[in-house]
Amino acid sequence: MSVATRVPAPLAKALGRISSSTLLRHLLFALFGLVIVILVLESTDQFRNAQFASMAYLGIAAGGLTVLTGLNGQLSLGHGAFMAIGAYTTALFFQDSEPPLPVVGVLIVATVVTLIVGAAVGVAAARLHGPYIAGATLALAVAVPGIALFFSDTLGGEQGLNVLVPDIPDWFANVVFFITANEVSTSKYIGYIGWLCLLATFVLLANLSRSRVGRVWRAVRDDEVAAEIAGINLGRARVLAFVVSAACAGLAGAVMAMAVRITAPSGFSLTLSLTLLTAVVLGGLGSLLGALIGAALLTFLPQVVTGVGHDAGLSDLQAAELAPLVYGLTMVLVILLAPAGIVGSIRGAWRRRKESA
Amino acid sequence: MQQFLTTALTGLTLGMVYAAFALALVLIWRSTRIVNFAQAPMAMITTYVALALIDAGFSYWIGFAAALLSGLVLGAVIERVVIRPVEGKAHINAVILTLGLFIVIHALAAVIFGSRYRSFPAPFGLQGFQAGDVTIALTGFGIFTIVSVLVVMLLLVALFRYTDLGLMMRASAFNQEVARLLGVKVSRMLTLGWALAALVGSLSGLLIAGGSLVHPSYMDSVVVYGFVAAVLGGLDSPAGAVVGGFLLGVSLSFVSGYVGSELVALASLVILMLVLLLRPGGLFSHAAERRV
């Protein structure tokens, strides 16, 4: 509004074009995000780099889940299972020091494999509602680790598979050195991979949710009958949302495999799926920013909470369980007191203020 | 032959436990239209209550009774405090809420009782008996399991069929508005329904734990099996849940015995999918009603 009066005309025109084009606006956000990512990754140590890498994969999976649950109204408790599929695919590629594909190729293959599995599950899930879909995906989350145990010859059984992260490509190290004049460590490299994936995913998801596809998803969520009368194929919309969401989880799993460097069934317990749901609910269903905030809380809160637990005189093992306790309690409180989550509540308050003003 | 018999008998015992758990889910679904995924950790933590009492030197039966009683109280408290505000609101909120409770109770148990594996005693023998050359794998505890689940079911049937209280509970599950007009205190009935369901859930937790190991997530897969069993029976019918639990227990036992125990959860997923795609109303539905 007042921007146009203060900035010179050509700039105002450019700004206008950017804010009117969804893709340009999202790309601009992503570019801004990339700058922040570079600044943060370069100014923190190896341990923090690794933490940011895990924030990235949690963020990717939470982003996919928030689109599915928030925009399409399907509740999936099986995203941990989809992450497992992506992670195991990646781990199978990175068994030797000479992987058959470059990293980007492996990420794509892992995403596609998960996408195919997600399509199969999604076709079944699209016919289900509310608690049924939750129960079916819950079964998926419990069932998938068992597959890794059953085929223990190829999938490593209880011990899991080690992931040999390939060497940092020279061109990548050169580019980073050119921009920041810093050497690239392995954990920083994985941090970059994770955050580049996250930015790419979020641009795609943001565009999807702003497009016709996203409007169709919302229509299906809000009123099935009305959507069907308007000519929307309910099944197709649901399956598509599920597939997109599962693919995100697969990509997240691929990044996770590289960041954790081991892929074992215990990493993909029911807790992981529920934790992702916590991130999404906490941030606000349907909001990508909320998913990112949720992922940040999941990554950084445990340390704080465990520290508090230590000070309160709990043992290591007990203190480690405080973090899930806090997640669970916040999830219950959010649903009871502020069902729109952090981002949704702030937005709501903002809107009310604007209306009353 | 030996393996077949053993597998079938194990399946029978397990099936009864799944039936009890499915019954707990169905009781809550009928009264409040919520699938209580938190049933698993609720049963788990009451089993820990029993274990704590038994470790403190009390007899198994005192622990058993205390677990059932704490299940009853826990169910009532959770319905009153947490579930009441979302009753009648969007489905998704209630489901997310029970999952939040799932995490909370899980973490609480780990903080209070520790997350290591602990063995849980059984009041009866865990050995099968010998008939000629064949070992019959029906243990004393297995018989106790079957009998106790049957007793609880009969008590529930008696409650719902032959008492005024049961009639009022059925009325409030059937139509809250009308029940309220007829003077039924519906909200009390809902609380009672949750309490009874939690009691039945606790029973299944105790029966799974008996003679085996407990840790905070030992019930996690049972909630899946219980849900599948309930869906097999149509999610709405207590009798269907019992039959579904029995069928599921036997089939999963055969998967475990002849294919591999790691794939049991996957088999339950396949069964669930088949049921939902072919007979969404459960195995015993007559009318083609779309509710799923």
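## A buried leucine in chain B

With 31 C-beta neighbours inside 10 Å, B:Leu23 counts as buried; a residue is buried if 20 or more other C-beta atoms, placed from the backbone, lie within 10 Å of its own, exposed if 12 or fewer, and partly exposed in between. This residue belongs to helix α1 (residues 2–32) of chain B. Helices (H or I, at least four residues) and strands (E, at least two) are DSSP runs, numbered from the N terminus.

Leaving aside residues up to four places away in sequence, B:Leu23 touches B:Val200, B:Pro238, B:Ala241 and B:Val242. Such a contact requires that the C-beta atoms of two residues, placed from the backbone, lie within 7 Å. B:Leu23 and B:Leu235 are separated by 212 residues in sequence, yet their C-alpha atoms are 9.0 Å apart in space.

## Basis of the description

This is a predicted model, in which local features need pLDDT of at least 70 and side-chain atom pairs count only at pLDDT 80 or more, while totals for chains, interfaces and linings use all residues. Residues are numbered from 1 along each chain as its sequence is written, and chains are lettered from A and ligands numbered from 1 in the order in which they are written.

## The two chains

Chain A contains 18 helices and 2 strands. Its radius of gyration is 21 Å, close to the 21 Å that the globule rule gives for 357 residues, so chain A is as compact as a globular protein of that length. The radius is taken over C-alpha atoms, and the rule is 2.2 Å times the number of residues to the power 0.38. Along the principal axes, the C-alpha atoms of chain A fill a box of roughly 60 × 55 × 50 Å. Buried residues account for 49% of the 357 residues in this chain. Of the contacts in chain A between residues at least 6 apart in sequence, 77% join residues at least 24 apart.

Chain B has 11 helices and 4 strands. Its radius of gyration of 19 Å agrees with the value near 19 Å for a compact globule of 292 residues. The corresponding box for the C-alpha atoms of chain B is roughly 65 × 50 × 35 Å, and 53% of the 292 residues count as buried.

## Helix α9 of chain B

Helix α9 (residues 220–232) of chain B has 13 residues and reaches 19 Å from its first C-alpha to its last, close to the expected 18 Å; the expected span is 1.5 Å times one less than the number of residues. Because 13 of the 13 residues of α9(B) are buried, this helix is largely enclosed by the rest of the structure. Just after α9(B), B:Gly234 takes a positive phi of about 100°.

## Where the chains meet

In the interface, 41 residues of chain B are in contact with 40 residues of chain A. Helices α4 (91–113), α9 and α11 (264–278) of chain B each supply at least two residues of the side that touches chain A. Of these, α4(B) gives the most, with 17 residues. The residues on this side of chain B divide into 30 nonpolar, 9 polar and 2 charged. Here Ala, Val, Leu, Ile, Met, Phe, Trp, Tyr, Cys and Pro count as nonpolar, Asp, Glu, Lys and Arg as charged, and the others, Gly among them, as polar.
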